[in-house]
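Hi,

Here is the structure I promised to pass on. Have a look first, and then read on for what turned up in it.

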Amino acid sequence: MAFPDGTADFRSDTVTRPTEEMRRAMAEAAVGDDVYADDPTANALEEEAAAVVGKEAAVFVPTGTMGNQLAVMAQTRPGDEVLVDELSHIRNVERGWGPAHAGIGWRTVATDGGRITPGQVDEVMELAGSMFPRVTLLAWENTHNLHGGRVVPLDVMAETSARARRHGLRVHIDGARIFNAEAATGTKASEFAATADTIQFCFSKGLGAPIGSIVCGPKDLMDEVRYLRKRLGGGMRQVGVIAAAARIALRDRERLVEDHHLARYLAERLAERWPGTADPETVETNMVRVDVAALPGDIGAIRQRLAEDGILTGAPAAGWWRLVTHRDVDRADVDRLVAGIAAD
Ligand SMILES: Cc1ncc(COP(=O)(O)O)c(C=O)c1O
């Protein structure tokens with residue numbers, strides 16, 4: 001359902017607001033100074049999150065960006081390169097921050113939906129460490145945001161990560177939306193995570209918590225991540241007030257499948273009405289990619305009209321318009337969106 005003021009926001013799943021249950025839990029959270037490891041709610045969250053993804057330990061962080069940055073800092077040395085899909089968030093949005101924080105460079109490959117192949121790893125490693133910089137980390141993204149919320153299948157991750165390990169690389173997963181991958185495929189997040197040393201995931205996207213992400217991995221590496229978090233000024237004190245909401249988000253992760261059904265419904269309505277705008281078959285999770293050229297009018301005018309009716313959408317990029325479903329929109333909002341596009 002739209003927000004209480006009637007706004008239906010399709011820009012991102014990050015716009016989700018905390019539920020009443022989360023707000024109550026936040027108000028009532030037991031807290032302590034987390035820099036002294038005294039916050040019982042944050043400690044419980046870290047234990048629960050590590051268990052869910054099958055890792056030894058976890059460190060709660062304010063954002064997915066910080067989670068990725070810390071994972072890269074902890075697993076590389078300045079001058080190293082990190083192997084990534086060219087459209088990955090860590091390379092394409094965080095961009096210069098990895099080089100600034102960790103002193104690394106990016107070694108990018110073009111992929112189908114974020115599916116880096118073992119052959120690409122071999123190719124990159126051919127000259128790495130001799131005439132070219134060392135490549136020491138492979139970073140996945142699952143689900144893949146800029147590839148339209150697509151899932152990188154477990155067998156692809158397992159095979160390519162195994163090849164990377166054979167070359168001596170460590171492996172990180174930007175799993176900002178790993179539970180969307182779980183909900184879409186039935187493959188457990190822990191199975192995806194088992195292909196990597198570290199994984200970060202976000203509570204603040206489709207899971208609906210107001211703030212927070214977490215990095216999970218082996219205990220010694222998480223000790224280093226905790227130290228680096230403090231070094232960057234991310235040591236939080238009575239952080240249980242936000243960890244409380246994150247615990248509820250983690251518990252309720254299976255509901256993400258509803259967002260996927262809604263995205264499919266949206267793609268079907270669009271494809272029915274304007275063939276070529278969206279392909280329901282390619283909607284794997286909670287994102288719909290709309291071909292701007294197939295819309296029945298100018299995208300600027302459409303977005304303006306929708307905004308006047310309280311329907312928010314993101315700006316298109318490279319001819320694609322991304323629409324995202326989440327717990328704070330429903331079928332009635334999708335119907336309003338489609339009607340708004342048509343109203344010329
Ligand atoms: C795949 C992916 N990774 C990381 C992030 C960064 O998360 P945050 O906005 O919490 O820094 C995002 C944000 O949208 C994302 O989509």
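Which residues do ring pairs link into a cluster? They are Phe60, Phe179, Phe201 and Phe203.

Before the details, a word on the ground rules. This is a predicted model, where local features need pLDDT of at least 70 and side-chain atom pairs count only at pLDDT 80 or more, while totals for chains, interfaces and linings use all residues. Residues are numbered from 1 along each chain as its sequence is written, and side-chain values use heavy atoms, with hydrogens and water left out.

Back to the rings. Rings of Phe, Tyr and Trp (its six-membered ring) pair if their centres lie within 6.5 Å; planes under 30 degrees apart are stacked, over 60 edge-to-face, and the rest tilted. That rule gives 3 aromatic pairs. In one of them, the planes of Phe179 and Phe201 stand at 85° with the ring centres 4.9 Å apart, so this pair is edge-to-face. It joins distant parts of the chain: Phe179 belongs to helix H8 (residues 178–185) and Phe201 to strand S7 (residues 198–202), 22 residues apart. (Helices, H or I with at least four residues, and strands, E with at least two, are DSSP runs numbered from the N terminus.) Phe201 also pairs edge-to-face with Phe203, at 5.3 Å centre to centre and 70° between the planes.

Both Phe179 and Phe201 are buried; that means under 20% relative accessible area, with exposed over 50% and partly exposed in between (1.4 Å probe, protein chains only). Phe203 counts as buried too, because its relative accessibility is 0%.

Now the ligand. Around it sit Thr63, Gly64, Thr65, Asn68, His89, Glu94, Glu141, Asn145, Asp174, Ala176, Arg177 and Lys205, where a residue is near if one of its heavy atoms lies within 4 Å. Helix H3 (residues 64–75) supplies the largest share of this shell, 3 residues.

Ligand oxygen atoms come up in several distances:
- a backbone N or O atom of Gly64 is 2.9 Å from one;
- for a side-chain N or O atom of Asn145, the distance is 2.9 Å;
- for a side-chain N or O atom of Arg177, it is 2.8 Å.

On its own the ligand exposes 390 Å², and the protein buries 83% of that (accessible areas come from the Shrake-Rupley method with a 1.4 Å probe; for residues, only the protein chains shown count as cover).

Enjoy looking around!

Notes. Polar contact = N/O pair within 3.5 Å; in protein donor to acceptor, adjacent residues only side chain to side chain.
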